[in-house]
Amino acid sequence: MYSPLKNTLALLLLASSSLAHISRVEHDHAHSLSRRNGLARRCAAASGEMFSKRAAAKRELNKRWTPQVDYVQNTTCILNNDVTQGPYQLDGDLIRQNITDGEPGIPMYLEVGVLDVNTCEPLADAYVDVWHCNSTGYYSKFTGVDPNKDHFCDTGCDTNLNQTDELTFLRGIYPTDENGVVEFLSVIPGYYYARATHIHAQVYINVSTSDDGTVMANDNLVHTSQFYLADEINAEVDTIYPYSLHPSLLRRTLDTEDTTLASGNTTYVSQYLDVTYLGETLEDGILAYITVGVDTTATPSSGGGSPPGGF
């Protein structure tokens, strides 16, 4: 027999259970952010000192293929496995610093400093893997996936995100030097459906290289994160060719609208890249840098795949 009271109680119990689950998830996330913020705060001075030393070694661009920064970043991005690596990650990236492969776009010299959060010392010989989309939202190895469509809806959309090609543009992995720094030559990324402009990054330790010039390091992954550019820069990028071809096809998701970005920043943890223009205008290119802190005592995890809903 149908009982309104019985059904109402059942719904209340279900809602209570759901709220309890949400509360636990929010508590776990808050605890994770609090821990990351504490570690980053402890290493803030070391992060600043790291880039002060880099500034002291600054040279003209024609004397060194990547320029040095002349100011200090005291915030640290604590790389965290809670941040999705997305579906476009593949093991076996080429060991290289120039990852452009002829892709058109605004030149970007990406500099990543890596600190061990246990010692607040620069971490040498840590392999940093980076990958990002091109000026119109396409990822190499997945150029058959339309960046202007929703591939993550529950029904009514193409959820096939299988690899479609063997292209390698805007992907690469390279070890940090004795100062804990690695540099890449790339172009400013574009954007794709429902995501702000971003760069994916992972850090590996105890890496063995392959004879074919790649790293198969999926068993030595210690941390994962994403780096972002400020919307003021992104808005200007949108007006410059070939990026200007994209807005008419797809509106760019703002940083403030990106839930992956919003979940990661605290007082001492920043996922934003600090940017210096290489010339008079943005079109001349940028130097983008960030300090990342990694926990080398954490149990390494495997690469590959993607958490549900992550991209």
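Colleague: Among contacts in the protein between residues at least 6 apart in sequence, what share joins residues at least 24 apart?
Modeller: This is a predicted model. Take its contacts between residues at least 6 apart in sequence. The share that joins residues at least 24 apart is 80%.

Colleague: How many helices and strands does the protein have, and in what pattern?
Modeller: Along the sequence the pattern is α-α-β-β-β-β-β-β-β-β-α-α-β-β. The count is four helices and 10 strands.

Colleague: What share of the residues counts as buried?
Modeller: The protein exposes about 14,700 Å², and carbon and sulfur atoms supply 52% of that area. The protein has 311 residues. The share that counts as buried is 48%.

Colleague: Which element has the lowest mean pLDDT, and which the highest?
Modeller: The mean pLDDT of the protein is 76, and 64% of its residues reach 70 or more. Among the elements, the lowest mean is 44 and the highest is 97.

Colleague: Where is the pLDDT below 50, with 49 contacts beyond near neighbours in sequence?
Modeller: One stretch with pLDDT under 50 is residues 303–310, for which the model has 20 contacts beyond four places in sequence. The stretch with 49 such contacts beyond near neighbours is residues 56–73.

Colleague: What is the strand order in the open sheet of four strands?
Modeller: The pairing is antiparallel. Strand 5 (171–175) and strand 8 are the edge strands, each pairing on one side only. From one strand to the next, the twist averages 20°. The order is 5-4-7-8.

Colleague: How many bridges join strand 4 to strand 7?
Modeller: Strand 4 pairs with strand 5 in the antiparallel sense, over five bridges. Strand 4 and strand 7 also run antiparallel. The number of bridges joining strand 4 to strand 7 is five.

Colleague: Which residue in strand 7 is the bridge partner of valine 130?
Modeller: Start with strand 5. There, valine 128 stands opposite tyrosine 174, and tryptophan 131 has arginine 171 as its bridge partner. Valine 130 has glycine 172 as its partner in strand 5. In strand 7, the partner of valine 130 is alanine 201.

Colleague: Which residues of strand 4 are buried on the side that holds Val128?
Modeller: In a regular strand the side chains alternate between the two faces of the sheet. In strand 4, five of its five residues are buried. Tyr127, Asp129 and Trp131 are buried on one side. The buried residues on the other are Val128 and Val130.

Colleague: Why is strand 5 largely enclosed by the rest of the structure?
Modeller: Strand 5 is an edge strand and pairs on one side only. Strand 5 is still largely enclosed, because the buried residues among its five number four.

Colleague: Is aspartate 238 buried or exposed?
Modeller: Aspartate 238 lies in the loop between helix 3 and helix 4 (259–262). Beyond four places in sequence, aspartate 238 touches Tyr191, Tyr243, Ser244, Pro247 and Arg252. Buried means under 20% relative accessible area. Aspartate 238 has 16% relative accessibility, so it counts as buried.

Colleague: Is tyrosine 241 buried or exposed?
Modeller: Tyrosine 241 is found in the loop between helix 3 and helix 4. Its C-alpha atom is 9.4 Å from that of glutamate 283, 42 residues apart in sequence. The cut-off for exposed is over 50%. At 60% relative accessibility, tyrosine 241 counts as exposed.

Colleague: What separates the C-alpha atoms of alanine 196 and asparagine 234?
Modeller: Alanine 196 lies in the loop between strand 6 and strand 7. Alanine 196 counts as buried, at 1% relative accessibility. Along the chain, alanine 196 and asparagine 234 are 38 residues apart. The C-alpha separation is 9.0 Å.

Notes:
Residues are numbered from 1 along each chain as its sequence is written. Side-chain values use heavy atoms; hydrogens and water are left out. Helices (H or I, at least four residues) and strands (E, at least two) are DSSP runs, numbered from the N terminus. Buried means under 20% relative accessible area, exposed over 50%, partly exposed in between (1.4 Å probe, protein chains only). Contact means heavy atoms within 4.5 Å. Accessible areas come from the Shrake-Rupley method with a 1.4 Å probe; for residues, only the protein chains shown count as cover. Two strands pair if DSSP finds at least two bridges between them. Axes are lines fitted to C-alpha atoms, for helices over the stretch in contact, and angles run from 0 to 180 degrees between N-to-C directions. pLDDT is the predictor's confidence in each residue, from 0 to 100.
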